[in-house]
Amino acid sequence: MTTYPQVEMLIGGEWIADGGAGTMPVINPATEQALGTCPKASTEQLDAALAAAEEAFPKWAATPGAERHRIIKRAAELVRERAPDIARIVTLEEGKPHAQALGETTGSADLIEFLGEEAKRQGGRLVPVRGSHLLEQRVTQEPIGPAMLFTPWNFPINLPAKKLAGALAAGCSCILKPAETTPASAQALVRCFVDAGVPAGAINCVYGDPAMISEHLITAPATRKVSFTGSTAVGKQLGALAAQGLKRFTAELGGHAPVVIGESADFERTIAACVGTKFRNAGQVCVSPTRFLVARGIYDRFVAEFAARSKDLKVGDASADESVTMGPLAHAGRVAAMEELMGAMGGTNGEIVSGGARVESPSGFFFQPTVIANPSPDSRLMREEPFGPVAGIVPYDDIADAVQIANSLRYGLAAYAFTADLDESHYLGGSLRAGMVAINHFAVGSPETPFGGTGDSGFGSESGVEGYLGYTETKLVSVAKSAP
Ligand code: NAD
């Protein structure tokens, strides 16, 4: 039995339980019971966090990269050591099964370690000089300054880990505002950085009203960088605020990932991968496969098999039953959104082959794994990100048509394809428009590779070397032999 911790903010090295703007309850989405409360920051507390981040920045930026790496590597070790306990908090707050929460946490440790290592690796470059009067042209990547980090609830460890490790490795101080529904998960992660030796003020964590906090922090003069993960609508608002102050902005927004499945694909492996990935975290994943475009020759078998396997999933309270394979949605609003989507089914909007309704249970925000056949490419399901356990499956005759449907939205986060045909594989890799394309697998989130999108899915990348460089700005130092 995991006890839910007291949630505290971290401001200037002090853990603070009293929210100047009161408290808010934290709800277990599987039971609808309150787990505890979370303090809400007041504007005075936000100003204190901003002052702490501003004061800590020059010292942390001047800390040698090797020392920053040593501290961040220790934080990664602590995340690994504490992973079982952290994962239990994630399951309580977010609902995902323990194995998924554990995988997220240990994977985050790898990510933190990789980004920490960049502090040792990134040394800038020397550029050959044009004139003999010049001695040296040195280009370096300088930490931008205090960074404001906003993260959602669906990956409450992985998403803050990417931002915190990237910012701290680059030498930025930061303020994290995690989702109000998963504050203790973020707190457990932040504690690892603090216990590893990140100095007071270099890392801060506040909770509360998202709109008030984001506006206050982004418009503050001290802020130099903003990084947001969440919906496209909110990303546009925050991007506009950042642009007013010419502050650098990274946006990791929604997606509606297509999966093109060719006739030559290994059917067994492909269907197993598709069903397993579709319902991970109840489909609440920005890179979740949602639009399945399947060659007509295998279409009927694919739909039937998808529906049969989705019925095998065990939906329930993963914090009470380890055999559960799909947890609840994050909050009541997500269930209502799924019901509204299902209400329009029929005709060109598609046919419900399995699922399609909330799970009847006394409590908890559960929705059935759902398979929709033949939605028209213009239907709402195929155009709006469902962010839930829903798969739309469409047949195609010509691979070029599949690519056209795949590329027809303004989203462009992840795209996938399954094929055993080498030519088709090259064609799809080149023609699918997305920040990340994976062929014959779904794993786009490794520590070493950039994660990010295009179009309405945002811009800028996290993880990979890009996850470090996003917190830096380019500086040239040009030295002449003597004054002209
Ligand atoms: P929501 O917009 O109410 O909340 C999503 C997240 O955004 C929450 O963590 C919330 O704290 C944050 N947020 C909301 N307004 C904010 C603001 N003004 N400033 C800063 N943060 C703010 O939506 P929801 O119903 O909880 O989730 C569904 C939507 O959110 C979908 O559109 C989905 O794409 C998006 N989402 C995306 C991701 C992702 O990984 N890209 C993760 C979670 C949610």
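Val206 is in the loop between strand 9, residues 203–205, and helix 6. Helices here are DSSP runs of H or I with at least four residues, strands are E runs of at least two, and both are numbered from the N terminus. This is a predicted model, where local features need pLDDT of at least 70 and side-chain atom pairs count only at pLDDT 80 or more, while totals for chains, interfaces and linings use all residues. Residues are numbered from 1 along each chain as its sequence is written, and side-chain values use heavy atoms, with hydrogens and water left out.

Val206 has a relative accessible area of 0%, so it counts as buried. On this scale buried means under 20%, exposed over 50%, and partly exposed in between, with a 1.4 Å probe and protein chains only. Val206 is 167 residues from Pro39 in sequence, and their C-alpha atoms are 8.3 Å apart.

Now the ligand. How many residues surround the ligand? There are 24, and the closest are Trp153, Glu180, Ser214, His331 and Glu385. Near means that a heavy atom of the residue lies within 4 Å. By class, this shell has 11 nonpolar, 8 polar and 5 charged residues. Nonpolar covers Ala, Val, Leu, Ile, Met, Phe, Trp, Tyr, Cys and Pro; charged covers Asp, Glu, Lys and Arg; the others, Gly among them, are polar.

Next, individual atom pairs. A polar side-chain atom of Glu385 is 2.4 Å from a ligand oxygen. A ligand nitrogen is 2.8 Å from an N or O atom in the Ser214 side chain. At Pro210, a polar backbone atom lies 3.3 Å from a nitrogen of the ligand. The cut-off for a polar contact is a pair of N or O atoms within 3.5 Å. On its own the ligand has 790 Å² of accessible area, and the protein covers 83% of that; the areas are Shrake-Rupley values with a 1.4 Å probe.

Which elements give two or more residues to the shell? They are helix 6 (210–219), strand 10 (225–229) and helix 7 (232–244). Helix 6 gives the largest share, 3 residues.

Last, two backbone angles. Leu246 is not a glycine, yet its phi is positive, about 50 degrees. Leu246 sits in the loop between helix 7 and strand 11, residues 248–252, and is exposed at 74% relative accessible area. Phe387 also has a positive phi, near 50 degrees. Is Phe387 buried or exposed? At 15% relative accessibility, Phe387 is buried; its loop runs between helix 11 (380–383) and strand 16 (390–396).

Methods:
A polar contact is a pair of N or O atoms within 3.5 Å; within protein, one must be able to donate a hydrogen and the other to accept it, and residues adjacent in sequence count only if both atoms are side-chain atoms.
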